[in-house]
Amino acid sequence: MGNAERTAATLLDAYRPADDTEAADVARLVELIKAEDDPWSRALPLHLTSSALVVHPQTQRVLLRWHQKMGSWLQIGGHGDPGESDPFDVVLREGREETNLADLRPWPVAELTHVVVVPVPESPKEPAHDHADLRFVLATDTPDEARPEKPTAPLRWLTVPEALDLVAEDNLRDTLSRVARLF
């Protein structure tokens, strides 16, 4: 799919939810995109984010990042910067920033792997809100080159069973299970 065509709306239109819960989340995202000029705006109580599990296909390992604000091990990703609208470009930029991996690429293809609305608790900087998260899979051939963007955000390479034991969020366990089926 060409970069100009790859918007959240086109990705969601082509996506098939796995169950009723995911279908409801997809419907919320579609409504958000229809209602808002900038569905990525952090000023909205529900806004788009883009994330990915980074994998090393040869060893069937996944990379998790410690997220201090959430107090848990999560996938990489985050918010779009002003002017960004391509969910894959957002996650690729975030992935490079958070892992320092220069060779990240879609795996096996640049399609959505999971769509989920995730509650984010209140913090001193912002009220509680929801992330409408568009999830992908990115691969690297150079896992030993992964470096955290800051000391408070360490990275860990894990097998899928190790990752499933480590993560606290059921929605991320679901994403991990989907990625395990791709190996």
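This is a predicted model: local features need pLDDT of at least 70, side-chain atom pairs count only at pLDDT 80 or more; totals for chains, interfaces and linings use all residues.
Modeller: Residues are numbered from 1 along each chain as its sequence is written, and side-chain values use heavy atoms, with hydrogens and water left out.

Biologist: What pattern does the chain follow along the sequence?

Modeller: Helices (H or I, at least four residues) and strands (E, at least two) are DSSP runs, numbered from the N terminus. By that count the chain has five helices and eight strands. Read in order, the pattern is α-α-β-β-β-β-α-β-β-β-β-α-α.

Biologist: And what is the radius of gyration of the chain?

Modeller: That one is taken over C-alpha atoms, and the globule rule to hold it against is 2.2 Å times the number of residues to the power 0.38. For 183 residues the rule gives 16 Å, and the chain comes close to that, so it is as compact as a globular protein of that length; its radius of gyration is 15 Å.

Biologist: How much of the chain counts as buried?

Modeller: Buried means under 20% relative accessible area, exposed over 50%, and partly exposed in between (1.4 Å probe, protein chains only). Applied to the 183 residues of the chain, the buried share is 49%.

Biologist: What share of the contacts with a separation of 6 or more comes from residues 24 or more positions apart?

Modeller: A contact here is heavy atoms within 4.5 Å. Among contacts with a separation of 6 or more, residues 24 or more positions apart account for 68%.

Biologist: On to charges. How many salt bridges are there?

Modeller: Side chains of opposite charge can pair when their charged atoms come close. The rule used is a side-chain nitrogen of Lys or Arg within 4 Å of a carboxyl oxygen of Asp or Glu. By this rule the count is 15.

Biologist: Which residue forms a salt bridge with R178?

Modeller: R178 has its partner at 2.9 Å, N to O, and that partner is E22. The pair links helix α5 (residues 170-182), where R178 sits, with helix α2 (residues 20-35), 156 residues apart. Both ends are buried: R178 and E22.

Biologist: Which residue does R28 meet in a salt bridge?

Modeller: R28 is in helix α2, and its partner lies 102 residues apart in strand β7 (residues 129-139). The N to O distance is 3.5 Å, and the residue is D130.

Biologist: Is P45 buried or exposed?

Modeller: P45 is in the loop between α2 and β1 (46-56). Leaving out residues up to four places away in sequence, P45 touches H129 and D130. Its relative accessibility is 60%, so P45 counts as exposed.

Biologist: Which residue in β7 stands opposite V118?

Modeller: Two strands pair if DSSP finds at least two bridges between them. β6 and β7 pair in the antiparallel sense over seven bridges. Six of the seven residues of strand β6 (residues 114-120) are buried, so it is largely enclosed by the rest of the structure. The residue opposite V118 is H131.

Biologist: Now the rings. How many aromatic pairs does the structure hold?

Modeller: Rings of Phe, Tyr and Trp (its six-membered ring) pair if their centres lie within 6.5 Å; planes under 30 degrees apart count as stacked, over 60 as edge-to-face and the rest as tilted. With that rule, the number of pairs is three.

Biologist: What kind of pair do F88 and F136 form?

Modeller: F88 lies in helix α3 (residues 87-99) and F136 in strand β7, so the pair ties together parts that are 48 residues apart in sequence. Both F88 and F136 are buried. The ring centres are 5.5 Å apart with planes at 80°, so the pair is edge-to-face.

Biologist: And what kind of pair do W107 and F183 form?

Modeller: W107 is in the loop between β5 (105-106) and β6, and F183 is in the segment after α5, 76 residues apart. W107 is buried at 16% relative accessible area, while F183 is partly exposed at 26%. Their centres are 5.5 Å apart and their planes at 40°, so this pair is tilted.
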